[in-house]
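Subject: Handover of a structural model

Dear colleague,

Please find below the structure that I am passing on to you. My notes on what was found in it follow directly after.

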Amino acid sequence: MRGEPRDGRIVIVGASLTGLRAAERLRAEGFTGSLTLVGEEPQPPYDRPPLSKQVLLGKVPAGHTGLPQRRELDARWKLGVRATGLDPVEKRVLLADGAEVPFDRLLIATGTRARPWPHPAEAALDGVFTLRTSDDARRLAERLDAGPRRVLVIGAGFTGSEIASACRERGLAVTVAERGPAPLVGALGGTLGALAAKLQRAHGVDLRCGVTVTALEGSGRLTGAQFSDGTRIDADIAVVALGAVRNTEWLAESGLAAGPRGVTCDAGCRAFDMYGIVTDDIFAAGDVARFPHPLFEYQLLSLEHWGNAVAQAEVAAHNMVSPGPRRLPHLTVPAFWSSQFGLNIKSVGVPTFSDQVVIAQGSLKDARLVAVYGYRGRVTAAVSVNQARSLEYYQRLIETAAPFPPAPGAADQIESPDPVPSDVPDPKLLSHGPTVALTGHLPDRRLTVVQPAR
Amino acid sequence: MNVVVDLNRCQGYAQCAFLAPEVFAMHGEESLLYHPVVPDGHLEQVRRAVVACPVQAIVMGEEAGAGAR
């Protein structure tokens, strides 16, 4: 590290939640040097989770999800311009407008983008959408306002399921197509996947699992879709919810360990170069980062979660202005939430890092429960459905590697005390990419598959 | 002024929905939906909601990067 840790030039590439929270923390830690945030989107940092909820429901306009800042940043913002390269020797970020931004320390927080529909001509049809940005949400919400006859959602991960939920709440006809055996199965396994399927159907979704969309039809404008089982539907909107692609292409020539799985970094958010040597002036955080987690056998994790973006940004920023012995590890237990079909689903730990699951409280019948996941005899995750206040207890069990199945508590109503296989499918069987990607090795299964970026 | 709620932290106590119903509303039993941009005239209500939240999940502040637009 050149110069004083609290002085010099820090550049943050990526001006969304991670970039913002890191910038705040840098100033909070006493960084007095120059601070520059580079963002591809023209908008200042905004919150994405509302896009598939409040915004699609028509309750909040797409441009109204700006994030609050917790302190003055005294930062230079370069918005609406993409970073195209990184020169680690001369220590400069290259921008699409030809400008170069020199740095002493760099934070990579370029996140992900929506995985596009693989057929470009079909993707270009009017009525075919993805949902990642504020602009995406604005355009889609406008089209939902116009009252389409049927919306096709391709991919039943969290984003796809939330989109389907918002459409049903608006009274729109919805078909959901998922290559896997059930919605959410890639993130939550078979037991809760089956519950999600039942709920979607109870809410009037035309849910089709085990099928793929083989063609989007139309000339100029989308008119329908064909499925791998030989059936077809009429649809005037298709939302492609196939997961995310990590924004690492701009780092291809940088010599960093960056690729489709993200930018590999250590527990202190320092990026590795392609030889596995840790850099001391380049950090990564948020959706684009891939980091080792001790609770999950030091497998490299990539998390597309709001909470991870915040927590990892704080650790990265602290470490960017702290000398070695004062640096902190990023040890936060992964957590996320989803709101769909009237249910509040919350998760702690990594449900896909499991071989068994047990309903520890509540019941599937009432759709109010806590499912606890175990791997080789220890608790690794818990998911609540409309029972969020119980989750903190299970987080402690995860943090302490408590034995699985967990002992019943006094208030527990156990549906069945016997754990069942968690039935986490091979990700290549799903339509959508995983939002939690375990990219290491488990002896008994593959947990991730890399698809080439398009 | 804008707000954001850490919904990992939120446990659905709904204090905010009582104190600032124009900004925060429960959606179903446990899910919270909110308007990230605080409408004029509701600032004091939202301030009270921020303080009252039992799990301190609400952050309020000036819109980030507003000067950069």
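Helices (H or I, at least four residues) and strands (E, at least two) are taken here as DSSP runs, numbered from the N terminus. In those terms, B:A68 sits in the segment after β4 (58–61) of chain B. This is a predicted model, in which local features need pLDDT of at least 70 and side-chain atom pairs count only at pLDDT 80 or more, whereas totals for chains, interfaces and linings use all residues. Residues are numbered from 1 along each chain as its sequence is written, and chains are lettered from A and ligands numbered from 1 in the order in which they are written.

The contact between the chains

I begin with B:A68, which touches A:P44, A:W77 and A:L79, leaving aside residues up to four places away in sequence. Two residues are in contact if their C-beta atoms, placed from the backbone, lie within 7 Å. B:A68 is partly exposed, with 19 other C-beta atoms within 10 Å. On this scale a residue is buried if 20 or more other C-beta atoms lie within 10 Å of its own, exposed if 12 or fewer, and partly exposed in between, the C-beta atoms being placed from the backbone.

Taken as a whole, the contact involves 28 residues of chain A and 27 residues of chain B. On the chain A side, the elements that give two or more residues are β3 (76–79), β24 (335–340) and β25 (343–349). The greatest contribution comes from β24(A), with 3 residues. By class, the side of chain A that touches chain B holds 13 nonpolar, 10 polar and 5 charged residues. For this count, Ala, Val, Leu, Ile, Met, Phe, Trp, Tyr, Cys and Pro are nonpolar, Asp, Glu, Lys and Arg are charged, and the others, Gly among them, are polar.

Chain B

Chain B has 2 helices and 4 strands, and their order along the sequence is β-α-β-β-α-β. The radius of gyration of chain B is 12 Å, close to the 11 Å that the globule rule gives for 69 residues, so chain B is as compact as a globular protein of that length. The radius of gyration is taken over C-alpha atoms, and the globule rule is 2.2 Å times the number of residues to the power 0.38. Along the principal axes, the C-alpha atoms of chain B fill a box of roughly 40 × 25 × 20 Å. Of the 69 residues in chain B, 39% are buried. Among contacts in chain B with a separation of 6 or more, 62% are between residues 24 or more positions apart.

Chain A

Chain A contains 7 helices and 30 strands. A compact globule of 454 residues would have a radius of gyration near 22 Å, and the 22 Å of chain A agrees with this. The C-alpha atoms of chain A fill a box of roughly 60 × 60 × 40 Å along the principal axes. Buried residues account for 54% of the 454 residues in chain A.

The domain assignment of chain A gives domain 1 (9–47 + 66–113 + 245–326), domain 2 (116–242) and domain 3 (355–421); such bounds come from an automatic or database domain assignment. Between the C-alpha centres of domain 1 and domain 3 of chain A there are 35 Å.

Helix α1 (residues 17–28) and helix α6 (residues 306–320) of chain A pack at an angle of about 35°, and their axes are 8 Å apart. Axes are lines fitted to C-alpha atoms, for helices over the stretch in contact, and angles run from 0 to 180 degrees between N-to-C directions. The residues of this contact between α1(A) and α6(A) comprise 10 nonpolar, 3 polar and 3 charged. Among them are A:L17 and A:R21 in α1(A), and A:W306 and A:M320 in α6(A).

Backbone points to inspect

Most residues other than glycine have a negative phi, and most peptide bonds are trans. A cis peptide bond, with omega about 0°, joins A:F404 and A:P405. A:P405 lies in the loop between α7 (391–399) and β29 (420–421) of chain A.

A:E297 has a positive phi, near 55°. The position of A:E297 is in the loop between β22 (289–293) and β23 (299–303) of chain A, and A:E297 is partly exposed, with 15 other C-beta atoms within 10 Å. A:N386 also has a positive phi, near 50°, and is found in the loop between β28 (378–385) and α7 of chain A. With 19 C-beta neighbours inside 10 Å, A:N386 counts as partly exposed.

With kind regards
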